[in-house]
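I opened the model to look up two things.

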Amino acid sequence: MSSVPPPLRLGTRRSLLATTQSGLVADMLTELTGTAVEMVGVTTFGDVTKSDLTQLGGTGVFVSALRDKLIEGEIDFAVHSLKDLPTTPDPRVVVAAIPPRDDPRDALVGAAKLADLPPGAKVGTGSPRRIAQLRMLRPDLEYVPIRGNADTRIGKVVSGELQAVVLAAAGLRRLGRQSEIAQIFEVDEMLPAPGQGALAVECRADRADLVELLSVLDDPRTRAAVTAERAVLNALEAGCAAPVGAYSADHGRELILTAAVVAVDGSRAVRKSTAGASSAPTDLGRDLAAEMIAEGAGTLMGERAH
Ligand SMILES: NCc1[nH]cc(CCC(=O)O)c1CC(=O)O
């Protein structure tokens, strides 16, 4: 009598974006391998705290509860937004797959493009990286810290409390809300968060069977690009909430990596680019970070955003 294996348990944060992202990965896995997947909701500290994440370091507040469930064996794998994963590896778990990246850029939802907003207009974002770069573009606007899911944030524009909010294009696209985007910032004007738009499929490091199964979802070109970006963040010893942007333009065997550290008041920035083999993304990111530190990047990372 052939026994049907039980569905794999996929741990996911309970937000609509997280469950949508997890559902995308679950569907990919089922389509490619025939494996059935059951979603298991997990509440993380980042989902319940009202604190300003930038003051918590913003490192891992969305991640550690999922990892705990992996280690406790309550779930078999987890899907994270890669940009929320700490760059410091956790030896208990492994990123078994980084599927093909969605749009990595930042997007503005509002009544007009950034350049057309009136002086003093209120723009909502809690990201020091976004605030710092927005202030370089429009120092005359008021940047208001906001938290909550996309619906909550966009609701502040609809209500008139804010004139615009800035979110990741990938998140809006996955939620089917790309029609509400007034502007997508080119990376030359707004460098994304390292790994933005990419997902990380994680399981226990000692589950070689799951690592093998999940690897079918991996996109090596996306993995190389985001590895270079995250190597910059790691070498700068910056957390996910630091005013650091990085983006790898993928040219097949070569990556063109651009990174910036921007003072949160928008007054100064260290921005540099480099090109190198996509086969050595960590070295590329580390070397670029060293050049940035030599040009004073470290002095720009410590300030508060608001
Ligand atoms: N914790 C916020 C977060 N983490 C990942 C995304 C977007 C999805 C992605 O980067 O893949 C978002 C929302 C946002 O930045 O607007």
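I started with strands β6 (residues 122-124) and β8 (residues 164-168), which run parallel and are joined by two bridges. Strands here are DSSP runs (E, at least two residues), numbered from the N terminus. I count two strands as paired if DSSP finds at least two bridges between them. V123 stands opposite A164 in β8.

The model is predicted, so to note the ground rules: local features need pLDDT of at least 70, side-chain atom pairs need pLDDT 80 or more, and totals for chains, interfaces and linings use all residues. Numbering runs from 1 along each chain as its sequence is written, and side-chain values use heavy atoms, without hydrogens or water.

Next I traced the sheet. It is open, has five strands with mixed pairing, and its order is β7-β6-β8-β5-β9. The edge strands, each pairing on one side only, are β7 (142-144) and β9 (183-184).

Then I turned to the ligand. Which residues are around the ligand? I list Q21, F62, S81, K83, D84, R130, L167, A168, R174, Q196, G197 and A198, with near meaning a heavy atom within 4 Å. The shell divides into four nonpolar, four polar and four charged residues; Gly counts as polar.

I checked polar contacts (N or O pairs within 3.5 Å). A polar side-chain atom of K83 lies 2.6 Å from a ligand oxygen. A side-chain N or O atom of D84 is 3.0 Å from a ligand nitrogen. A168 brings a backbone N or O atom 2.8 Å from a ligand oxygen.

Note on methods: A polar contact is a pair of N or O atoms within 3.5 Å; within protein, one must be able to donate a hydrogen and the other to accept it, and residues adjacent in sequence count only if both atoms are side-chain atoms. Helices (H or I, at least four residues) and strands (E, at least two) are DSSP runs, numbered from the N terminus.
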